[in-house]
Amino acid sequence: ITSLMYLDNQKCNDTISDKEGNIIGNLADKWNWIDPVTLDVTIRPNVTFHNGEPCTSDDVFFTFDRILSGFGDGTIAVLYDTLDSVEIIDDLTVRFHLKEPDSAFENRLGSVWGANIVPHDYLEAIGNDAFQKAPVGTGPYKVTDYQSGASVTLEAKDDYWAEGTDHQSIRQCANVQKILYKVVSEPTQNA
């Protein structure tokens, strides 16, 4: 659940569906529509954030509560305009209550522009500004260096939760151990 159905924070993208077009869960272990406006999602057990904290339904609730409260510039909130509320069912299950049926809701949960699940306790402890410089996710790559306006370095997480499972392919995008993103301010520097 960096994004709930598929994507992980600090990630290398897999496809979001199988050959038949079915959504593939990644951090979400299972999901079930209770009725046309109520979706239960259970996240995988034993998933941890890069700082070692377990990823739980509280983190999912916190993430979506921030979205519904208008956190940020509102870009992500627009994707969830049919979402009314989120409810914690147990340690690993949340219930999404929609305002109306939304056939694309699952797709948005798993999209690259969906909601990246953030660790509630960590984010509240360090604050939003510090989190932007030291983000923590559940994915196969963690931020190891951030230089504002210059670069971001990601390194493979040694104990990535999906290793050895059907979901390990997200790391197999190139079996890369380190990724360095550099900001290029002048187009001529690309030559």
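**Strands, sheets and rings**

Guide: Let's start with one spot: Val152 has Tyr181 as its bridge partner in β7. Before we go on, this is a predicted model, where local features need pLDDT of at least 70 and side-chain atom pairs count only at pLDDT 80 or more, while totals for chains, interfaces and linings use all residues. Residues are numbered from 1 along each chain as its sequence is written, and side-chain values use heavy atoms, with hydrogens and water left out.

Visitor: What counts as a strand, and what counts as a pair of strands?

Guide: Helices (H or I, at least four residues) and strands (E, at least two) are DSSP runs, numbered from the N terminus. Two strands pair if DSSP finds at least two bridges between them. Here, β6 (residues 151-156) and β7 (residues 178-182) run antiparallel, joined by 5 bridges. Thr153 stands opposite Leu180 in β7.

Visitor: Which strand pairs with β6 over 6 bridges?

Guide: That's β5 (residues 141-147), again in the antiparallel sense. Asp145 has Thr153 as its bridge partner in β6. β5 and β6 make a hairpin with 3 residues between them, and Gly149 in the turn has a positive phi of about 75°.

Visitor: What is the order of the strands in that open sheet?

Guide: It goes β5-β6-β7, 3 strands with antiparallel pairing. β5 and β7 each have a single partner strand, so one side of each edge strand is left without a neighbour in the sheet. From one strand to the next, the twist averages 20°. For such angles, axes are lines fitted to C-alpha atoms, for helices over the stretch in contact, and angles run from 0 to 180 degrees between N-to-C directions.

Visitor: How many strands form the open sheet that includes β1?

Guide: 4 strands, in the order β1-β2-β4-β3, with antiparallel pairing. The edges are β1 (28-35) and β3 (83-90), each with a single partner strand, so one side of each has no neighbour in the sheet. Neighbouring strands are turned by 20° against each other on average, direction ignored. β3 pairs with β4 (residues 93-98) over 6 bridges, and Leu83 has Leu98 as its bridge partner in β4.

Visitor: Which helix packs on this sheet?

Guide: Helix α1 (residues 57-68), which touches β2 (38-43), β3 and β4 (contact means heavy atoms within 4.5 Å). The direction of α1 makes about 165° with that of β3.

Visitor: How do I read a pair of aromatic rings?

Guide: A pair is described by the distance of the centres and the angle of the planes. Rings of Phe, Tyr and Trp (its six-membered ring) pair if their centres lie within 6.5 Å; planes under 30 degrees apart count as stacked, over 60 as edge-to-face and the rest as tilted. The whole structure has 6 aromatic pairs. One of them joins Phe64 and Phe96, edge-to-face at 5.0 Å centre to centre, with 80° between the planes. Phe64 sits in helix α1 and Phe96 in strand β4, 32 residues apart.

Visitor: Are Phe64 and Phe96 buried or exposed?

Guide: Both are buried (under 20% relative accessible area; exposed is over 50%, partly exposed in between, with a 1.4 Å probe and protein chains only). The ring centres of Tyr80 and Phe105 are 5.9 Å apart and their planes at 80°, so that pair is edge-to-face. Tyr80 and Phe105 are buried as well. Trp33, Phe64, Tyr80, Phe96 and Phe105 form one aromatic cluster.
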